[in-house]
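User: Hi! I'm new to looking at protein models, could you walk me through this one?
Analyst: Happy to, let's open it up.

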Amino acid sequence: MYFKAFLTLFILFIFSGSGYSRHIGLISDGLHNSEIDHQNFEVLRLEQDFVGAGTESCERSYGFLPCTKTALGNVFLVLVYGYLMFLAATYLSSGSELLLEILGPGLIGGLFLPVLGALPDAMLILVSGISGSTAVAQSQVSVGMGLLAGSTVMLITVIWGTCCIVGKCDIQDSVAVDLKDTKGFSLTGSGVSTDVWTRYAATIMAVSVTPFVVVQLPQLLHSTSGRHLAVLIALIISLTLLVSYCLYQVFQPWIQRRRLAYVKHKHFISGVLKHLRMRALGRLCTDQGAPNIEVLEKLFKAIDENEDGYLSRSELRALVVGLRLEEVNLNESDAVEKLMKDFDTSHDQLVEPSEFIAGVSKWLNEARGSNAPPPETGAGTVKYLGDLHEQTRTEHYFLGDQSDESVEAVENPRSTATKAVLLLLLGTVIAAVFADPLVDAVNNFSSATTIPSFFVSFVALPLATNSSEAVSAIIFASRKKLRSASLTFSELYGAVSMNNLLCLSVFLALVYIRGLTWDFSSEVLVILIVCVVMGVFASVRITFPLWTSLLAFLLYPFSLALVYVLDYKFGWS
């Protein structure tokens with residue numbers, strides 16, 4: 001892994017070292033030729049028509065890295081520097097995953113890792129406007145905006161659609177069935193399903209575009225006096241949303257556990273009530289909704305096998321046999337504990353008849369208050385309790401409970417931690433060092449070809465900074481399970497949210513501190529359209545048929561065409 005980075009750097013330094021090399025003849029005639037002695041030959045010095053020798057000088061990054069003003073030479077430099085940024089993103093991703101294995105979610109998974117994932121993009125945006133005069137920064141900052149818009153659009157259009165295709169399964173009853181893919185490329189019969197938390201991530205992604213709307217308000221109102229203030233307000237809002245998002249990521253595991261525990265409880269009580277109703281000789285409650293005392297007393301006696309007037313743990317265990325508790329990752333011991341906790345109010349490890357009636361009455365009231373289908377003949381009917389039981393099972397499934405998955409312990413935590421830190425440091429150093437040369441190469445290529453730097457950075461730079469993340473997402477989606485699809489799309493939505501918050505905060509800070517002009521109306525419109533369309537679409541549904549991938553794919557060329565038409569046909573910029 002490290003060898004690839006050092007090999008690339010070595011080749012690059014060879015080119016940089018020979019950039020101003022002196023011509024030396026193989027045979028000396030004993031005379032000093034000052035003309036040859038002082039002549040410099042630049043390796044990448046090509047004519048602007050791609051092939052001839054040129055004389056126009058260029059500024060070397062750090063004084064020694066190669067540079068050129070020709071299109072072909074800058075293509076080479078963009079490829080080399082882009083590959084180095086790809087390595088940086090790969091090392092940061094690998095180091096983050098190792099840290100997550102050791103430290104788990106929470107502060108590391110919620111705060112540290114999302115920031116590291118957006119670090120290469122943030123570095124490129126920062127260097128695009130931090131150096132040079134204000135005029136130079138204003139011309140170069142379009143590279144940062146192109147990267148910001150390109151990364152966002154690529155992740156939730158091209159990568160989103162690809163993950164939908166490679167992760168497709170057969171759709172039955174509006175849900176994609178895990179590991180079942182027999183319908184081929186059916187646009188409506190094949191697709192992916194995600195859990196509820198993925199819908200929340202999509203909603204957050206849609207909300208994360210708020211700072212874009214705020215900074216664009218002066219242009220919408222045709223005002224020139226409040227643009228600098230709008231940038232400051234948008235920066236404050238962006239930073240506030242960034243902190244809020246990181247806090248949500250930190251506390252999400254706790255929120256998820258609480259939500260799962262609540263759904264498990266609802267599924268358990270609906271299953272027990274359904275089981276009791278099938279054993280009872282009558283309805284569990286009257287038409288007025290009150291508990292049917294007579295039926296419950298008879299039911300108590302039927303459960304009390306030794307007829308001692310109490311229900312013991314062994315009798316409660318016999319009651320829960322056959323409830324299919326494995327559907328919500330519960331076992332019989334857990335079920336007995338739940339029954340004792342809710343029914344045994346005297347804490348004597350025995351359930352009395354009055355405690356049993358009070359407990360069942362409490363559960364019936366909870367079942368009546370649940371968001372289940374409306375009862376036709378009362379909350380105590382078999383149909384109502386059966387519908388509620390099925391609903392809670394489905395709700396638990398779409399919450400993505402992972403408590404049944406085994407977590408392997410890290411064999412050598414100290415060695416793994418050291419490797420993680422080295423990978424993170426190496427990735428950070430590479431991203432910091434080669435972000436500026438990459439931006440210069442993009443600008444020089446744009447000058448040589450007259451292609452706007454925004455379009456170059458929109459298409460090319462996200463391939464470098466997001467390639468490892470994209471490949472990882474596609475491979476994980478190919479597992480064809482709800483859990484893998486949920487994690488894949490959640491990470492895509494999370495990456496876009498970090499782009500819209502962290503990277504935008506860096507961009508807005510540059511514009512405000514350096515006094516640059518905010519003139520990116522068409523670019524902002526593209527980000528708004530793509531994020532809102534995909535965010536709202538993914539927040540209102542959990543199953544995505546294959547035709548939705550076509551919608552995502554079409555948004556990518558639409559975004560490029562929209563920016564071109566608005567900027568070069570209607571003169572927005």
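User: How are α5 and α19 oriented to each other?
Analyst: This is a predicted model, so keep that in mind throughout. In it, helix α5, residues 119–130, packs against α19 at an angle of about 15°. Angles under 35 degrees count as roughly parallel, and therefore α5 and α19 are roughly parallel to each other.

User: And how far apart are the axes of α5 and α19?
Analyst: Their axes are 9 Å apart.

User: Is the crossing of α5 and α19 left-handed or right-handed?
Analyst: The crossing of these two helices is right-handed.

User: Let's switch to empty space. How does anyone find it?
Analyst: A probe the size of a water molecule is rolled over the atoms, and that shows where empty space is left.

User: How much space lies in the largest cavity?
Analyst: The largest cavity holds about 50 Å³ of space.

User: And what lines the largest cavity?
Analyst: Its lining consists of E59, R60, S61, P66, C67, L77, Y81, P437, D440, A441 and N444. By class, the lining of the largest cavity has 6 nonpolar, 2 polar and 3 charged residues.

User: Which elements each supply at least two residues of that lining?
Analyst: Those are α3, which covers 71–103, and α15, which covers 413–449. The largest share comes from α15, with 4 residues.

User: What about the second largest cavity, how much space is there?
Analyst: About 40 Å³ lies in the second largest cavity. It is lined by G167, C169, A176, D178, G191, V192, S193, K480, K481, L482 and A485.

User: Which elements give two or more residues to the lining of the second largest cavity?
Analyst: They are β5, spanning 190–193, and α19, spanning 482–513. Here β5 gives the most, with 3 residues.

Note on methods: Residues numbered from 1 in each chain as written. Predicted model: local features only at pLDDT ≥ 70, side-chain atom pairs only at ≥ 80, totals over all residues. Heavy atoms only, no water. 1 Å grid on protein atoms, 1.4 Å probe; cavity = no way out; pocket = protein on both sides within 12 Å on 5 of 7 lines; lining within 4 Å. Points joined across faces, edges and corners; volume = space filled by probe spheres on them. Nonpolar A, V, L, I, M, F, W, Y, C, P; charged D, E, K, R; others polar. Axes fitted to C-alpha atoms, helices over the stretch in contact; angles between N-to-C directions. Parallel < 35°, antiparallel > 145°, perpendicular 65-115°, else oblique. Left-handed = near helix turned anticlockwise from the far one by under 90°.
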